[in-house]
Amino acid sequence: MALTTLTNTFHHDTYPAISSTNPSLSQAGKTVLITGGGSGIGFEIVRSFAKAKASRIIIVGRRLTVLEDAVAKLVISATRLPRPLYGIISTALDILVHVLVLNAMHLYPMGPDTLRMERKDLMEAFNTNVGGNFTMTAKFVNQTLRPVDYLIPPGGVLYSETVAKHIDRDVFDWDEMALPADFAVWSASPEAAWLHGRFVWAHWDVDELKADKEITKRLEQETGFLKVAVQGLTEISATSFLKKKK
């Protein structure tokens with residue numbers, strides 16, 4: 001599959017620079033909350049943060065039995081055993097979450113375009129993909145103690161249990177789930193701080209990104225580079241509408 005890339009190397013599996021076993025990416029001392037962590041890529045992200053020695057992992061989902069099954073599958077030390085949590089992060093928990101992984105999403109049923117979808121299906125997708133992520137993010141950034149990072153796992157072409165129900169395995173050149181899972185760990189580390197607030201593909205080689213002087217220059221000079229916006233227009237802020245003094 002040909003996708004836009006900023007690096008010569010295009011990964012389909014994890015590699016040493018982003019490996020969750022890399023000591024420089026250690027998540028020791030951090031509490032990590034992962035939505036949709038009971039299965040598929042979410043479950044793989046849980047495994048990667050466990051390998052990175054996160055002190056506490058909380059997995060969130062709609063079905064408690066799925067979360068409990070996920071915990072039962074993980075063979076890791078008791079001190080890093082993911083904690084199933086039904087609901088959303090609350091100040092009543094008295095837990096400071098350092099890293100929030102927004103993995104839960106509504107994908108099916110899909111229509112050829114939004115105008116051909118049933119309103120019920122469209123609003124269900126909107127409430128999960130926009131409303132749900134907004135709620136989690138708002139609660140995260142408004143914790144009493146300011147958190148460290150938040151992130152949305154970068155995408156890939158992943159053959160998950162859900163996808164397997166709808167698409168044959170031979171259709172695409174699938175990525176290994178370890179790629180976006182370990183990339184999530186790398187994204188939550190100080191090594192990725194220079195890219196925070198930008199949109200990147202897990203496929204791109206992080207060493208090549210860091211070594212590319214042109215990319216560094218664009219990040220410094222272009223406020224809209226690797227961000228979602230209407231390109232070609234001057235950035236607009238509230239001050240743009242203020243009456244200028246003559």
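The bend at a residue is the angle between two axes, one fitted to the seven residues ending there and the other to the seven starting there. In this predicted model, local features need pLDDT of at least 70 and side-chain atom pairs pLDDT 80 or more, while totals for chains, interfaces and linings use all residues. Residues are numbered from 1 along each chain as its sequence is written, and side-chain values use heavy atoms, without hydrogens or water.

Helix α3 bends by about 30 degrees at Asn-127. Helices are DSSP runs of H or I with at least four residues, strands are runs of E with at least two, and both are numbered from the N terminus. The buried residues of α3 (under 20% relative accessible area, with a 1.4 Å probe and protein chains only) are Asp-121, Ala-125, Asn-133, Met-136, Thr-137 and Phe-140.

Helix α5 (residues 178–187) holds Phe-183 and Trp-186, which are about one helical turn apart because three residues separate their positions. Their rings form a tilted aromatic pair, 5.3 Å centre to centre with 45 degrees between the planes. Rings of Phe, Tyr and Trp (its six-membered ring) pair if their centres lie within 6.5 Å; planes under 30 degrees apart are stacked, over 60 edge-to-face, and the rest tilted. Phe-183 counts as buried because its relative accessibility is 1%.

Trp-186 also belongs to the largest nonpolar core, which has 40 residues. Such a core is a set of buried Ala, Val, Leu, Ile, Met, Phe, Trp, Tyr and Cys residues joined through side-chain atoms within 4.5 Å. Apart from it lies another core, of nine residues, including Leu-33 and Val-60.

Notes: Buried means under 20% relative accessible area, exposed over 50%, partly exposed in between (1.4 Å probe, protein chains only).
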